[in-house]
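I opened my notebook today to look at a ligand and the space around it. Here is the model I worked from.

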Amino acid sequence: MRLHIVKDYEQLSSKAASFVASQIIMKPDSILGLATGSTPLGMYQNLVKLYQEDMLDFSEVVTFNLDEYLGLDTDHPQSYHYYMHTNFLDHVNILRNAIHIPTGNGDINKSGKEYDRAILKAGGIDLQILGIGSNGHIGFNEPDHILKTETHMVRLTKETIEANSRFFSSREEVPREAISMGMGSIMQSKKILLLASGESKAQAIARAVSGEITTVVPASLLQLHSDVTIIVDEEAAKLIN
Ligand code: PGA
């Protein structure tokens, strides 16, 4: 694991954008695995800026998002479809049919299998971008005694519902279930970029980087991957020893 500790969120966002930009420059038809949440927002803003300045071309890029809530329409302001389009995809020249986001409605078992087949057919993910939950989750792969390899339906933990309630008007409105890429597609990605900012992530980052490898800290499994880059700010790095 390569660990970069930067001063603050602003530096994290520009370093992460540079990392993704170099991937696209080196391989214009990169298959990117994308994450939502507050952490990658600044990175997306920087990528949009690079596109607007004619420094980046997304015309051959293909994307697969990690997850989506169950039961929200795609135009719901808290859906990850909405997030991705409004914060990033609508502002760059990516082709509409190159965008893949798990669908949170209908037969999840069936759409999960189709999602995994689409990832395989595309040739697998070149670069997977990940945030981390304060409980160590990646995607919506929540701490458990087993982890699933395939794209699957998940029941969100109390901790995740609590953490994500800041985006909704009340805790009750947060969906209890989601669809998430499993550990299989994540671990089979050629490269992984993990981002974390702020003190609330410090314990999860310390356990991911140097704790025991355990399904109760899903991010700790990344220690088994051969090409992981972690960019964290000083606050998120403070419990790494
Ligand atoms: P955050 O979420 O970026 O909003 O902190 C990360 C996650 O839960 O994976």
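**Ground rules.** I am working with a predicted model, where local features need pLDDT of at least 70, side-chain atom pairs count only at pLDDT 80 or more, and totals for chains, interfaces and linings use all residues. Residues are numbered from 1 along each chain as its sequence is written, and side-chain values use heavy atoms, with hydrogens and water left out.

**Polar contacts.** Next I checked pairs of N or O atoms within 3.5 Å. The side chain of Lys201 places a polar atom 2.5 Å from a ligand oxygen. For His137, an N or O atom of the side chain is 2.7 Å from an oxygen of the ligand, and for Arg166 the distance from a polar side-chain atom to a ligand oxygen is 2.9 Å. On its own the ligand has 280 Å² of accessible area (Shrake-Rupley method, 1.4 Å probe), and the protein covers 86% of it.

**Largest pocket.** I then asked where the ligand sits, and it is in the largest pocket, with more than half of its atoms within 2 Å of the grid points. A pocket here is an open set of points on a 1 Å grid over the protein atoms alone, where a 1.4 Å probe fits, with protein on both sides within 12 Å along at least five of seven lines; lining residues have an atom within 4 Å of a point. I noted a volume of about 490 Å³ for the largest pocket. Its lining has 27 residues, and Ile132, Gly133, His137, Asn164 and Lys201 are the closest to its centre. Helix α5 (residues 158–164) gives the largest share of that lining, 4 residues.

**Second largest pocket.** This one holds about 150 Å³ of space. Its lining includes Phe140, Asp144 and Arg155.

Definitions and conventions
Polar contact = N/O pair within 3.5 Å; in protein donor to acceptor, adjacent residues only side chain to side chain. Points joined across faces, edges and corners; volume = space filled by probe spheres on them. Helix = DSSP H or I, 4+ residues; strand = E, 2+ residues; numbered from the N terminus.
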